[in-house]
Amino acid sequence: MKLGWYIARLRSMGPAELLHRLDEKRRKIVSRGRDEGWERYPASALRPVFPGLRAVVNAARPAARAAIADAAVKTLAGHFAALGQEWPKRDPANLFPPDLWRLDPVTGRFWPGPETYAFDIDFRHDGSLGDVKYVWEINRLQFLPPLAAHLLLEGDDRSRIAIEAAIDSWHGANPPFRAAGWASGIEVALRAISLMVMLDLVADRLNEKTIQQAGEILAASAHWLPRFPSLHSSANNHRVAELAGEYLLGVALGTDGRSARDDLVAEVRKQILADGSGAEQSPTYAAFTAEMILLSALAARMADEPFPLAAYERLSAFADFVDWLGPETGFGDDDEGRVLTSGNEPHYAQSVGSAIRGFLRQPRNPAVPDDFRSLFFGWPSAPADPPRGLKTFAEGGLSVWHGEIGGQQIDLTFDHGPLGYLSIAAHGHADALSLTLTIDGRPVLVDPGTYLYGSGGIWRDWFRSTPAHNTLNIAGESQSIMSGKFNWSHKATTTLVASDPPPNWNLRGRHDGYQRRFGVVHERMVTLGAESIDVTDRLLGGTQVCEIVFQLAPELATRHEGAVVTIYDDDRPLLKIVLPSDEITISRGGSGPEVGWISPRFGIKIPANRVVWHGNVGKEGVITRFLPTERME
């Protein structure tokens, strides 16, 4: 497994990256012993990164105050939840025992602690301890900013005591370059951001020991980040986090952060495409990237050194993209990464879009309810009409239609984009030419989700496979071939061949993912009819026995009569799917992934009906018709 991963990874690297990896290995060896220990990182006087933040929090509206109080109360009661899991409840009198930072809440086992050099921890291949993401999540210390805001607003001394206890515990259990919290740059950066925000809110209320410990953590983080950058095939959202951390630490420590700032601005244009979509082919990862950029832009504006207009234009384009996408649609990986958060956020991308509108003083509708993020960036300036009609995001490879059929609001997406970003396409799924569909805001055809990363095993492979998505597959094979949990050895190339405009719009895309193995190219045409949406699937170059899959939302039921499957929400018929023939199977749940599962959020999977048509497909094609039922008043 480990050897295979290295071979697959090497295949995705060019000569420059190979040299970089060798030098990175050398630097990690040199850092052992030399860069460890708090004595190397004395705390220095810290400057405010977000001056005026206290005044903004003190002016929080009632809904935001309530969200802050709720988050603080949970932390003070010993609760922590993330990635679909509840950590074991802790005694409020001992909220932060040293082993908390090593605990995997799923397996109950402990990852290596301060006795282990961070770069010796095999978090990629050794799944015996669980998924390192759970350990990393609590080590981000993202519960500290809401706790600090609660202390500022309510003067609750329990919050001050908890902040001091958390920093003291983390400092003692995680000396520099030891334990899992120092193994990845994105974790180093996000933790530093949590500390800087917390200090800007309540530094004057904390004891000297806490200020010193926080300063040492920030100094060690500033040393770490420029020495082990995520470059070449790894230069995705991790690189944005590292640069944001470097730049903001430069502000806090009074050092020269211009290089990190310039590199961060350059990443805006790489990772948020001109049409507003995310290069990583995941709306939530794009939102994560946008939020890190937005927070850095806020610090730059407060320092009277605003980012270039082009960066704001890309952020605004992303806000447009998520407005078109809507709150119920996602695709690609989603590990629920956040920068500023008070807890679970079901519509994260929309919240970041609203924050961008607030920062740029632009209108937006529908507005996201007040959340912790809105305190920093403000609220949209005015309502705006929701998007309607057909929109194609040509660079990102997604077409979205919002319209009506039979008196019902229909929202449709058609994916004709690339697999993912850079040579490994780490967070993309093999979902070329897949569809999603909502009716009156009710998800019907859905993306299957993510479930797990490192500890996912066959489930990790399933949820990013072609058979899990609403498209055609041949012999249960994916269009692109996996070569690791975050890597692909062969990537399908997808093209939008034609796009005819409304009112009777027509979209036609194709991909070559099956050409080398089966000698055919899959082409899919999606057409708006008078009272239907028609989907035509063809194979150019030959005929194959195929499956066409429709993964339903978990709450929906089905009835199957001949070639027609009717979808029900309770007893209300939502949609009729007229398939090419009656060779249909409907499955739900079971011991294996291929019989009907979705993952509504990281770490959780639930059974859901999966409708599969089986049959021959050739150049003549087969047609599937979607007939939304009339709304019954």
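**Checking the labels**

Analyst: This is a predicted model. Take helix α2, residues 15–34, to begin: its 20 residues at 1.5 Å each should span 28 Å, and the end C-alpha atoms are 29 Å apart, which agrees.

User: Which residues of α2 are buried, and how do you know which side they are on?

Analyst: The buried residues in α2 are E17, H20, R21, E24, R27 and S31. They cover an arc of only 125° around the axis, so they lie on the same side of α2. The face turned away from that buried side carries the exposed residues P15, L19, L22, K25 and I29.

User: Why is Y451 called buried?

Analyst: Buried means under 20% relative accessible area. Y451 has 12%, so the label applies.

User: What makes F463 buried?

Analyst: F463 has a relative accessibility of 1%, which is under 20%, so F463 counts as buried.

User: What makes the aromatic pair of Y451 and F463 tilted?

Analyst: Their planes are 50° apart and their centres 5.9 Å apart. Y451 is in the loop between β7 and α16, and F463 is in helix α16, so the pair ties together parts that are 12 residues apart in sequence.

User: Why do Y514 and F518 get their accessibility labels?

Analyst: Y514 has 0% relative accessibility, so Y514 is buried. F518 has 24%, which lies between the 20% and 50% cut-offs, so F518 is partly exposed.

User: How do you know that the charge of K28 sits over a ring?

Analyst: The charged end of K28 is 4.6 Å from the centre of the F119 ring. The distance limit is 6 Å, so 4.6 Å meets that part of the rule. R301 lies over the face of F359 at 3.7 Å from the ring centre.

User: What makes β11 and β16 edge strands?

Analyst: The open sheet of eight strands has the order β11-β12-β13-β14-β23-β18-β17-β16, with antiparallel pairing. β11 and β16 each have a single partner strand, so one side of each is left without a neighbour in the sheet.

User: How do you know that β13 and β14 pair?

Analyst: At least two bridges are needed, and β13 and β14 have eight, so they pair, in the antiparallel sense. V521 stands opposite L540 in β14.

Definitions and conventions: Residues are numbered from 1 along each chain as its sequence is written. This is a predicted model: local features need pLDDT of at least 70, side-chain atom pairs count only at pLDDT 80 or more; totals for chains, interfaces and linings use all residues. Side-chain values use heavy atoms; hydrogens and water are left out. Helices (H or I, at least four residues) and strands (E, at least two) are DSSP runs, numbered from the N terminus. The expected span of a helix is 1.5 Å times one less than its number of residues. Buried means under 20% relative accessible area, exposed over 50%, partly exposed in between (1.4 Å probe, protein chains only). The arc is that of the directions from the helix axis to the C-beta atoms. Rings of Phe, Tyr and Trp (its six-membered ring) pair if their centres lie within 6.5 Å; planes under 30 degrees apart count as stacked, over 60 as edge-to-face and the rest as tilted. A charge sits over a ring if NZ of Lys or CZ of Arg is within 6 Å of the ring centre and within 35 degrees of the ring normal.
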